[in-house]
Amino acid sequence: MSRTADINIKDNHIGETIGQFLKKILESDEVAAVLTPHRPAEKDMIMPRFITDPEHLQGAEPLSPAFAVNSARLVSRLTRQSPGGTIAALLRPCEIRAFVELVKLNQGSTENLIIIGTDCPGALQNADFFAFAEKHGDKATARFLETAFSDDQASAEDLQIAPACRACTQPTPEGADLAIGLFGLQPGPKIQVYAQTERGEVLLEKLGLEEAQADEKHQSAAEDLISRRSQARQEMIEQTRAATDTMEKLADYFSRCINCYNCRTACPVCYCRECVFATDVFDHEPVQYMKWAGRRGSVKMPTDTLFFHLTRMAHISTACVGCGQCANVCPSNIPLAELFISVAEQTQSAFSYQAGKSIDEQPPLAVFQEDEFQEIVGIENGS
Amino acid sequence: MVVGGGVSGMRAALDLAETGYHVTLIEEKSHIGGVVSQLDHQFPTDGCGICKMLPHADAEHVLQQCVRRGLSHENIIIHLQTRVMSVSGEHGNFTVTLQQHPNPVDPDRCIGCGLCIPVCPVDVADPFNAGKVACKAIGPPTPHMAAGPYRIDTETCTQCGKCRDVCPTDAIRLPAEDRKSFTILVVDDEQIIRDSLSEWLGEEGGFSVITAESGEKALERIEEQPVDLMLADIKMPGMDGITLLEKALEIQEQMAVMMITAYATVDTAVSAMKQGAADYLVKPFDPDDLLPKIAAMYHELTIPPGPEIRVGAIVIAGGTDEYNPASGKNPFGYKIIEDVVTGPEFERMLSPVGPTGGRLVRLSDQRPLRRIAWVMCVGSRDIQAEADYCSGVCCMYSLKQARLAQKAAREQGAEIETVLYYMDMRTFGKSGQQYRDAAEAEGAVCKRSRVHSIVGEETTGDLCIRAADPSGQINEDRYDLAVLATGQRPSAKVAELAEMLGIELDPRGFINTREFSLTRTSGNGVLAAGSCTGRKDISDAIICGSSAAFHASRLLHAGGGSLREQPAPPETTADIFHEPPRVFTAVCGCSGAVSGIFDPEAFSGKCYGDPSLCSVETADWLCTEEGIAELTENIRQSVANRVVIGACRPLCAPEKKKAIARAVSLLPELIEIVDLRSRVPAASEESPEQQKTDTRETMNIWLEMAISRVKLADPAFAPEISTGRSVLVVGGGIAGMTAALGVADHGYGAYLVEKADRLGGNLNWLNQTIEGDDIAQLSEYTRSRVENHPMITIYTNTRVSETRGTGGAFTTTLQTGNEAGFSVNHGAVILATGGGQAETESFGRGTDSRIITQQELESRIRENDLDPEKINSMCMILCAGTRQPPKNYCSRICCASALKHALHVKEKNPEAGVYVLYRDMMAYGFLEAWFTRARKAGVIFIAYTPETSPEVSAQQDAVRIRATEPVLQQEVEISADLLVLATGIEPAECGSLARSFGADTDEHGFFREAEPKWQPVGSLAPGVYACGIGLRPASIAESVASAEAAAQQAVILLGRDHLPAPKSIARVRHSLCSLCQNCIAACAYGARTYDRQAQMIIVDPEACRGCGACASACPNFAAYVEGFAPGQMLSILEAAADN
């Protein structure tokens, strides 16, 4: 059994308690900096902050209702070469999964990194968060957590968490060095920290927290949540499929796209240094538009929208972790998360692969198996 | 000159062409590829891989396509349907007169449209499909060449002219044959024979026929008038045919004579050929066979000789003939029962383009095949059939066919029984044993039995095979089909050529090679490659092809290489790097076939004034020199810097494209030639207008695609690679020494590294070969040549400690003893790390001094430390520890050395008991004769299987061996003075060495070839070759051949010191690259590496094969293949899809 510790909640304030825990870590010799969601005083936006001075942890919002950016990309930028000290990053489960994918694509490294993951009840989409923050002011986060972990399922589900979160079946921080357990413990007087790796064990030991028994309620509450989410996910996938099962419907689905490429920018696993859609490959000559229009009488502008999304799907559906950031940033409100999650589910199950699950598992396109998809590639075994 | 276009001949031709020599490749048939062109599947991969023999670097010189469709190399001239008429001169300067059968179809004009096939009235049994399918006298020579050019079988063609009338490109020129002036004299005492021959030859064949009823009368006729061909019966009252032959030739020396014979006097007819008869005909005649035979003779006699060529060396790669079971004493029902076929015939039945379309059904009644039997050694290993030799490849191809049949049945969800009746399963190739194990696991049943007869049952059509098992018991089994694994026979045509060249044949009729060589014949400058020295499998044929090329190349080099083709001065092409693309588009009207459909103005209109399209024109007669000259002149006059030509298939050949490129001073990459002619379908009755519109659309699409391609093609010049001038050879055994000499004799430096204190390797303990060739002498001779060669530097007691660099430019650190290391620069490396005898712990080895190995026995014989007189009883156990996991391979040489030693003892002391316990005697090829001789000498052979493995106990008085004797089916006990174990070969540990050069070893520690069949001495890493027994188990001669092949590959690499690197290689756009390294994982050739210091992905242009896997793994085209730039590809797809 891995090392477990109890953390008693101070003043009924979970966020602050976790903040204190981070401070303790930063003050230890083990860690040089902490990355955590943070809310500047008197401001309404919660964004990640990279902190070396423990005093600056004041304002940390480790369980933020807002999810403005998937931090996996930020962590990859911090770790792709040695940053000169160990970084502790507080991440949501989907951020950890995205980071694992980036590590496999050689965009980041776990070498100087301690990942602290939290159970994640979900987050609000940007637009919903602004309304929520407006309504609740300073109490927004507390209010959010209260509802999210409420025993009253109905009121928890009233909270308009993002569609991607509603369909998320991996809400616990697998792959983190230290996991902070909330499910089944909240509301309540304590939370638990579990060391999930050797590095986590060492750190937890050094912090001098007393060892405790893992609370069984945590595991069973997580399983309950996952099974409810799985059902929601299946429904979402079926609805999405029905809405996109012909080429025509698919074109309609994307018809509002303005080629702003926000989804690409927000996507944590879209890792190209420069997107092919921004290169000369799509720098069509004017006569090309004339040819397109000339052959059918007209052509929808801007062009290459469907092509862009299909290309992105081809590139990232093996690595998509379902974080929903694509939908979060879409100015045209295209339900991108639903579609990308549905497609990714199919692609990944075809390769028996789960994005972000294990750092040791090679991405499907980096592995060649002769007997794979014989009916598609037309190569039979041994020939 | 290379005679024979099978794989060995092609390999020799390609190697010589790549070395820089001009090669004339002549082939009797109307297509190249030899036997292999008829095989759709080759073990061990069971796919076709013939294209893998094509050279990669400098790929633009070779038409990169399916080799079964043809071969094209700018240094190779191929003459099909051609034979050698005469040879004069000597090595370094031969003059050869060829005779080229005219092909009435002009290959430059035939577009493969197929219109001529349905109108041809002649049905012939298709020789490509082993005569199992009918085809027409005109058509593609093989199904793979459906796109043309076609050929006409002039022996059966009736010259009716129908094909000429329908040919849309005027490609057919039927020869004006003057058969009336060709006089045939028929001499036979039987009126009916004279009459029927007169009728067939005169009325159907069109010849002038005169007859005579006796020898005397015939001579009178010959006195009266000139006779071109005489057909003479052997048995006639009065003067017999043989006497007539002699006298007739005295009168008319030039006359051709064919003997007519009954089956009983075939032997006489054969001996008549020695007295000047050209051939013989067996009565009764079948006019369908007779007429083509006479027509062939007519052509041979009347086709004028030519061309005459001058060559420096001659490589004979004429192959072997196939044994015809019907001619033998036991035909096993062949040609009597339809469902008895030969191995090559069954090979066609497995082919999708074969007689059954690849379905496993019987030829006789189309019933699905459920039980198939293979009968091995038909016409091989058979003294009655005068074949005291093994044919080498039949065991493996039968196993392969059984596997393929099993696979086909599995796909149909059916069960099939596949039974192989064999004597010894000779799986002596490197992966042969594993292949057999896999075949058996998949359901092939190997039965050690001798087939006595095959009888067809009238009602069911089933075949009943009677066979005797080792104990002599006769069993009967029923099958749907029997496949006879027919053996090799020496080729009569090769023998004819050998006589012309004055080179020796062996007593069996195959070409004799010198000792320790597989390719050097008794004639200087005349090499033999492939099966003409005894049948070879593909990898051996390829090695022999390279070895023959090596000797030819060395000879030409020694002679100053005067015939070596001087590289053409670099072509001056316009520098258009900074110009916007301007495409000149020309479409050939193709005598109205295209011009009636294609509309240049409408096409320009469709392109909406694309500014890069500078001209769209029609042209005429691009199939002629004048047409091309006019077109190129027009292009020169224009401002164009790119060209697209719509024409027909012959114009698409790479050499034509290159010629046009030279004429207009553009890089060939900037010119695209599209075959539009074949897009024109046969005229339709129904809606000609609609069809015309559709065809026009199709043409437009193809043209637009081509325009898109050239428009965005990169006008930059190809990069160059420079290579080192020397080769590192690791290992100083016979293979290493041979390789070093081979490289050095070509004027390149060789560093020969040996870890021991002297050169020689295994030669240092070997005594002599089974043939009696003196190994010590070979060792001395080779060593002194190596030591005295000015281009070879020898390092003994030396190891390779590390290496850097890549093919073309390696830097390797060597360390002698404990001294400090030093480095050498070299362009290529040849690993000849060899191996030694494996050790075993089985069979009491190590427990008793009387239990020794073959190597110890050989050494004792060499040191005169063994007195055969004193041996009462000697026992040998073969395959001690080999041919089963973990050493699951055959070591190939142990059976021969066991036979050698058994004979040595038995012949010196006939009283001694000599027992050989074996699993399968791998007395492959001509070794079989020694097996026969050993049995005759009284050596007792006892077969065992891994299940009935012998038990050994060493006792005071003797070593006792208990084994089960399969003939008696009893346990026997042998008391031996000496037990000799054949423990096989174990390769020296060279895994890390191979890996340091980017190559690898296989699970048994042998070097891993780039392709076990088609590139048997190369690795996937460029510039890294291997030879000798570190590559695979081999005899001395086989090791020498592989060393010569490896040396030649290295010479080819070094010879390309300043030639352009292939252009179609992958590149990296560093500004776009995220360094995710997906491309490295995707590259199967190890051509991509990550340079950590520069933080860049690097592509090795020599290793890259331009396959594009990296480009598809890269999400943003930071990886792409030159010539397939993403924008260019998208634009081509756009043109293809958006019409």
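In what order do the three strands of the open sheet of chain B stand, and with what pairing? The order is E4-E5-E15, with antiparallel pairing, where strands are DSSP runs of at least two residues and helices (H or I) are runs of at least four, numbered from the N terminus, and where two strands pair if DSSP finds at least two bridges between them. The model is predicted, so that local features need pLDDT of at least 70 and side-chain atom pairs count only at pLDDT 80 or more, whereas totals for chains, interfaces and linings use all residues. Residues are numbered from 1 along each chain as its sequence is written, while chains are lettered from A and ligands numbered from 1 in the order in which they are written.

Because strand E4 (82-90) and strand E15 (308-311) of chain B each have a single partner strand, they stand at the edges of the sheet, and one side of each is left without a neighbour there. Strand E5 (residues 93-100) of chain B pairs with E15(B) in the antiparallel sense over four bridges, and Thr95(B) stands opposite Arg310(B) in E15(B).

Elsewhere in chain B, Phe822(B) lies in strand E37 (residues 822-826). Phe822(B) counts as partly exposed because it has 13 C-beta neighbours inside 10 Å, a residue being buried with 20 or more other C-beta atoms within 10 Å of its own, exposed with 12 or fewer, and partly exposed in between, with C-beta atoms placed from the backbone. The C-alpha atoms of Phe822(B) and Glu345(B), which are 477 residues apart along the chain, are separated by 59 Å.
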